[in-house]
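Welcome! Have a look at the picture before reading on.

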Amino acid sequence: MSEIEHLISAQDEVGETPVWIPDEQAMYWIDLEGSAVHRYDPTTGERKDWALDVAVTALARRASGGWILATKTGMAFWDQETNASEFIIDPVADVEAMRLNDTAVDRQGRLVTGTANVQDFEASDGVIYRLDTDLSLHEIDDGYAISNGMGFSPDGKILYVTDMFHNRIIALDYDTETGATSNKRTFVEVPADTGLPDGLTVDAAGFVWSAHWAGSRVTRYDPEGAIERQITVPVTNATCLGFGGADMNELYIATAWFFMTEEQRIAQPQAGDLFRIKTDVTGLVEPQFAG
């Protein structure tokens with residue numbers, strides 16, 4: 001592997017969900033607290049930014065064009081050409097403390113998303129929903145203290161979900177035909193002195209990569225949950241990660257300065273920026289939402 005590279009001075013309050021689009025050979029990601037979407041073309045070095053009219057928390061590509069977003073006020077479609085959003089549904093509209101958080105798309109084109117209690121991070125009231133291609137919504141799991149990073153095994157039969165403030169990553173058997181979950185278990189327990197588990201991605205070999213909030217690192221776990229490697233990130237809060245590049249072997253790492261003091265921000269001027277490292281493994285292209 002190469003050395004980690006400081007790539008983009010994004011200065012995101014909370015950078016999230018790097019998504020590689022092969023047709024464009026470009027990386028997209030968001031600023032969760034800044035209601036912004038970014039695009040970076042590594043071939044030309046060109047960067048483009050959109051200020052959205054919704055508070056986006058995660059994004060995924062639509063097979064029919066455009067994007068689907070999780071936001072602080074529900075799910076929405078987004079057209080990057082017009083920068084217009086179209087509301088779909090908000091499953092937690094009646095719960096003041098709750099909002100949507102991260103997302104992933106399964107191999108059949110359905111979207112899963114989880115919730116975060118923004119008033120009590122340690123409350124075990126986080127829920128996982130599945131949005132089917134007909135836009136019907138289904139609760140598929142619960143009991144999370146902020147459901148965060150999500151990803152599927154290469155065969156789509158295991159759903160991994162970060163249970164952030166319980167310091168663990170959950171594995172669920174996932175029925176690829178029905179989208180139902182079963183056999184909930186702890187995939188890994190994350191030691192408190194290594195930070196909190198945040199965003200995750202799964203590579204082509206079925207290994208799980210997890211970013212550590214307040215841990216200055218990224219960890220790769222083998223399919224049994226053993227640590228295979230760790231990468232030091234030169235800022236405190238690594239938030240989310242995704243593979244990209246022509247050979248899908250470049251790991252993009254988003255970061256955050258959220259909750260940092262002025263003194264901490266001066267000491268870590270790259271907090272909130274986008275990093276990249278070329279690896280000796282291959283990632284998977286994220287599926288597109290088929291609705």
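## Before we start

Ala, Val, Leu, Ile, Met, Phe, Trp, Tyr, Cys and Pro count here as nonpolar, Asp, Glu, Lys and Arg as charged, and the others, Gly among them, as polar. This is a predicted model, in which local features need pLDDT of at least 70 and side-chain atom pairs count only at pLDDT 80 or more, while totals for chains, interfaces and linings use all residues. Residues are numbered from 1 along each chain as its sequence is written, and side-chain values use heavy atoms, with hydrogens and water left out.

## The largest pocket

Let us begin with an open space. A pocket is an open set of points on a 1 Å grid over the protein atoms alone, with protein on both sides within 12 Å along at least five of seven lines; a cavity is a set of points where a 1.4 Å probe fits but cannot get out; lining residues have an atom within 4 Å of a point. A volume is the space filled by probe spheres set on the points, and grid points are joined across faces, edges and corners.

The largest pocket holds about 330 Å³ of space. Its lining has 19 residues, and Arg99, Phe121, Ile146, Met164 and Phe258 are the closest to its centre. Strands E10 (98–105), E11 (111–117) and E18 (196–202) each give two or more residues to this lining. By type, the lining divides into 12 nonpolar, three polar and four charged residues.

## Enclosed cavities

Searching the whole structure turns up three cavities of 30 Å³ or more. The largest cavity has about 210 Å³ of space. Of its 20 lining residues, Pro18, Val19, Thr103, Met150 and Glu286 are the closest to its centre. The biggest contribution to this lining, four residues, comes from E10, and the lining as a whole comprises 11 nonpolar, six polar and three charged residues.

The second largest cavity has about 70 Å³ of space. Among the residues lining this second cavity are Ala104, Met150, Phe152 and Glu286. Here E14 gives the most, with three residues. The lining of the second largest cavity divides into seven nonpolar, two polar and two charged residues.

Now for the strands, which are DSSP runs (E, at least two residues) numbered from the N terminus; two strands pair if DSSP finds at least two bridges between them.

E22 and strand E23 (residues 250–256) run antiparallel and are joined by seven bridges. Gly244 stands opposite Glu250, and Asn237 stands opposite Ala256. Five residues lie between the two strands of this hairpin, where Gly245 takes a positive phi near 95°. E23 also joins E24 through four antiparallel bridges, with Tyr252 and Arg276 as bridge partners.

## Inside the core

How many residues of E23 are buried? Seven of the seven are, so E23 is largely enclosed by the rest of the structure. Buried means under 20% relative accessible area (1.4 Å probe, protein chains only), with exposed over 50% and partly exposed in between. Glu250, Tyr252, Ala254 and Ala256 point one way from E23, while Leu251, Ile253 and Thr255 point the other way.

A nonpolar core is a set of buried Ala, Val, Leu, Ile, Met, Phe, Trp, Tyr and Cys residues joined through side-chain atoms within 4.5 Å. The largest one has 28 residues, of which Trp209, Val218, Leu251 and Ile253 touch the most other members. E23 supplies the largest share of this core, four residues.

## A second sheet and a hairpin

Another open sheet of four strands has the order E2-E3-E4-E5, again with antiparallel pairing. Strand E2 (15–21) and strand E5 (47–51) stand at the edges with a single partner strand each, so one side of each has no neighbour in the sheet. The twist in this sheet averages 20° from one strand to the next. Five bridges pair strand E4 (residues 36–40) with E5, and Arg39 stands opposite Lys48.

Elsewhere, strand E16 (residues 168–174) and strand E17 (residues 181–189) pair antiparallel over six bridges. Ile169 has Val188 as its bridge partner. Six residues lie between the strands of this hairpin, and Gly179 in the turn has a positive phi of about 80°.

Technical notes:
Axes fitted to C-alpha atoms, helices over the stretch in contact; angles between N-to-C directions.
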